[in-house]
Amino acid sequence: LSGQERLVIEVPAWLGGRYLGTVPIVSDSWQVSDTADVTVPGGVEFDVPNLPQWRPLAPTHPLAAYGQRYRVRVGFGDNLVTWGWYRANRSVPSGPTISASGKGLLCELERARFTRPLQTTSGQTRRQVMATLCRGIMPLYIAPSLPNPVVPVTTWEEDRLAAAWEVVESW
């Protein structure tokens, strides 16, 4: 690396499958965390110029908090890698900037509590159970190289995230 290259961040915003635009980040205003001692790890914080076009006045605005997700990419120059996906929190104007943040997508599982108990069926594998827990809520990728044994019949009352952690920890 030359002494001139700086670590950069790119934050495209999405709502459902619709691209809303790339958010302009104020230089040196961003922070990505990956705290492991919390139920929902991961977060991102950044500032955006407080300009009329970046004030989230409509539900489909990139900085609005109506299910928007940020795909955070970090790197040097054009060599960016995806750091993670985050659900947008409510942004807050603060003088010349707007403070924005997002929480790791596991927050979606935390919010999506079961309306009735979920019970695994005899013969279900870990992949099948995780797919059931995440279906329609968040993307899921499980490396094909991971073992995929059958799980015991289990019932979870209401906490979808606790169920997911239980399956993951059994791997």
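Modeller: Before we start, a helix here is a DSSP run of H or I with at least four residues, and a strand is an E run of at least two, both numbered from the N terminus. Also, this is a predicted model.

Biologist: Good. Where is Leu105, then?

Modeller: Leu105 sits in the loop between strand 8 (97-104) and helix 1.

Biologist: Is Leu105 buried or exposed?

Modeller: Buried. Its relative accessibility is 8%, and the cut-off for buried is under 20%.

Biologist: Which residues does Leu105 touch, beyond those up to four places away in sequence?

Modeller: Arg69, Trp85, Tyr86, Arg87, Met138 and Pro139. Take Arg87: it is 18 residues from Leu105 in sequence, yet the C-alpha atoms are 5.9 Å apart.

Biologist: Let me step back. How many helices and strands does the protein have?

Modeller: Three helices and 10 strands. Along the sequence the order is β-β-β-β-β-β-β-β-α-β-α-β-α.

Biologist: What box do the C-alpha atoms fill?

Modeller: Roughly 55 × 40 × 30 Å, along the principal axes.

Biologist: And what share of the residues is buried?

Modeller: 37% of the 171 residues. As for contacts, take those between residues at least 6 apart in sequence: 58% of them join residues at least 24 apart.

Biologist: Now the inside. Which residues touch the most other members of the largest nonpolar core?

Modeller: Leu109, Val129, Met130, Leu133, Met138, Trp156 and Val167, out of 18 residues in that core. At least two residues of this core come from each of helix 1 (106-111), helix 2 (126-134) and helix 3 (160-169).

Biologist: What about a second core?

Modeller: There is a separate one of 17 residues. Its members include Ile9, Val11, Ala13 and Ala100.

Biologist: Back to Val167. What is Val167 in contact with, leaving aside neighbours within four places?

Modeller: Arg126, Val129, Met130, Leu133 and Trp156.

Biologist: Trp156 keeps coming up. Where is Trp156 found?

Modeller: In strand 10, which covers residues 155-156. Trp156 is buried, at 9% relative accessible area.

Biologist: What does Trp156 touch, if I skip residues up to four places away?

Modeller: Phe114, Pro117, Leu118, Thr120, Val129, Ala163, Glu166 and Val167. Thr120 is 36 residues from Trp156 in sequence, with 8.8 Å between the C-alpha atoms.

Biologist: And Glu157, is it buried or exposed?

Modeller: Exposed, with a relative accessible area of 55%. Glu157 lies in the loop between strand 10 and helix 3. Away from its neighbours within four places, Glu157 is in contact with Phe114, Arg116 and Pro117. From Glu157 to Val167 it is 10 residues in sequence and 15 Å in space, C-alpha to C-alpha.

Biologist: On to the helices. At what angle do the axes of helix 2 and helix 3 cross?

Modeller: At roughly 160 degrees, with the axes coming within 10 Å. That makes the two helices, helix 2 and helix 3, roughly antiparallel, because angles over 145 degrees count that way.

Biologist: Is the crossing left-handed or right-handed?

Modeller: Helix 2 passes helix 3 in a left-handed crossing.

Biologist: Which residues meet there, between helix 2 and helix 3?

Modeller: Helix 2 brings Arg126, Val129, Met130, Thr132 and Leu133. Helix 3 brings Arg160, Ala163, Ala164, Val167 and Val168. By type, the residues of this contact are seven nonpolar, one polar and two charged.

Biologist: One last thing. What is the phi of Asp28?

Modeller: Near 60 degrees, a positive value in a residue other than glycine. Most residues other than glycine have a negative phi.

Biologist: Where is Asp28 found?

Modeller: In the loop between strand 2 (18-23) and strand 3 (31-33). Asp28 is exposed there, with a relative accessible area of 61%.

How values were computed. Residues are numbered from 1 along each chain as its sequence is written. This is a predicted model: local features need pLDDT of at least 70, side-chain atom pairs count only at pLDDT 80 or more; totals for chains, interfaces and linings use all residues. Side-chain values use heavy atoms; hydrogens and water are left out. A nonpolar core is a set of buried Ala, Val, Leu, Ile, Met, Phe, Trp, Tyr and Cys residues joined through side-chain atoms within 4.5 Å. Buried means under 20% relative accessible area, exposed over 50%, partly exposed in between (1.4 Å probe, protein chains only). Contact means heavy atoms within 4.5 Å. Axes are lines fitted to C-alpha atoms, for helices over the stretch in contact, and angles run from 0 to 180 degrees between N-to-C directions. Angles under 35 degrees count as roughly parallel, over 145 as roughly antiparallel, 65 to 115 as roughly perpendicular and the rest as oblique. A crossing is left-handed if the near helix is turned anticlockwise from the far one by less than a right angle, and right-handed if clockwise. Ala, Val, Leu, Ile, Met, Phe, Trp, Tyr, Cys and Pro count as nonpolar, Asp, Glu, Lys and Arg as charged, and the others, Gly among them, as polar.
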